[in-house]
Amino acid sequence: MIIFLATMLATNLGIRLPSVEQKLSVDWRNPNGAEFWVKRDDLIHPIISGNKWRKLHGALSRAEQVGITKFVSFGGGYSNHLHALGYVCFQAGWHLNVIIRGDYRANPTPMLQDLHRWGAQIHYVTKATYQRRNDADYVQHLRQQYPEAMIIPEGGSSPDALAGVAEIVYELTQFYDMLLLPVASGGTLAGLASNPKCPALRAIAVLKGENYLESLVSQSAPTSATDWQILHDFHHGGYAKTSAELMDFVTDPQISPSIPLESVYSGKLFFAARQLCEAGYFPLNSRILLLHTGGLQGQRK
Ligand SMILES: *Cc1c(COP(=O)(O)O)cnc(C)c1O
């Protein structure tokens, strides 16, 4: 039996883990009789989004232990990562500087308004500057500017993130033939792939990243023994792009119980699951788990 030890930070924030697995009944054509479940990481916390907590908690707990109270991180104007981190810092009384891709001063998004309300210092940079976020000289410059701060990469994909994500596998309460998840930066996929006990992984690319995404994941999880593969036919034109079909699907995915979906991550995941199901992609009578990674705040206008 595995006992989950919640860190002080998780307890104080009200993080609810392990997340539940729910059986889904789907109204899809299902020639192979696949069965579906969903792991509700979207329910871990009302504000701190599923996989972003998984990715952040290792780095943040370590920061807490050594007394770091200042953080710097990066993201776009709708970033689920910055929203989660911003809320944690607000609750913990930590100081956060965020570097935002593009200038939203005239029209801040709901996410940026929340960050502002939570006391984060917001810095808008050009797309060209943002491109340099991982360059050694740029990061060095930030270290000089914020000498006491922990610098957390975009999406929370720090070296600690893999182990945090890999914990999902230990929470599973039953056998699955396959686990489906959305993939953007590859951190969540790499974390799962690094756990040898993980079921076969099929990741739905939510952006155009053929070859590039595969190489990122191979670099982060070089010794992975898990059968993992990225499917590239379900991005609907690119990151945050949608199609009429996808928008219809998100409002009525023909599943019960009803589960909130948005069009950037979970909508594309469930849409792909339906297409694959109807095409007979899943093996006969297989047990398929969909990982709901959260992210509903990003849909706000
Ligand atoms: C960030 C995010 C992802 C993508 O995770 P990666 O580790 O970057 O691949 C998926 N779903 C949601 C809701 C996210 O916020």
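This short talk walks through the domains, sheets and helices of one protein model.

Please keep in mind that this is a predicted model, in which local features need pLDDT of at least 70 and side-chain atom pairs count only at pLDDT 80 or more, while totals for chains, interfaces and linings use all residues. Residues are numbered from 1 along each chain as its sequence is written, and side-chain values use heavy atoms, with hydrogens and water left out.

I will begin with the overall division. The protein is split into domain 1 (14-47 + 164-299) and domain 2 (52-156), with bounds that come from an automatic or database domain assignment. Their C-alpha centres lie 26 Å apart, and the contact between them, where contact means heavy atoms within 4.5 Å, takes 20 residues from domain 1 and 11 residues from domain 2.

Next come the sheets, for which helices (H or I, at least four residues) and strands (E, at least two) are DSSP runs numbered from the N terminus, and two strands pair if DSSP finds at least two bridges between them.

Strands β1 (residues 21-26) and β2 (residues 35-40) pair in the antiparallel sense over 4 bridges, and Gln22 has Val38 as its bridge partner in β2.

Let me finish with two helices. Helix α2 (residues 50-66) packs against α3 at an angle of about 45 degrees, their axes being 10 Å apart; axes are lines fitted to C-alpha atoms, for helices over the stretch in contact, and angles run from 0 to 180 degrees between N-to-C directions. That angle makes α2 oblique to α3, since angles under 35 degrees count as roughly parallel, over 145 as roughly antiparallel, 65 to 115 as roughly perpendicular and the rest as oblique. On the α2 side, the contact is made by Lys52, Trp53, Leu56 and Leu60, and on the α3 side by Asn80, His81, Ala84, Leu85 and Val88.
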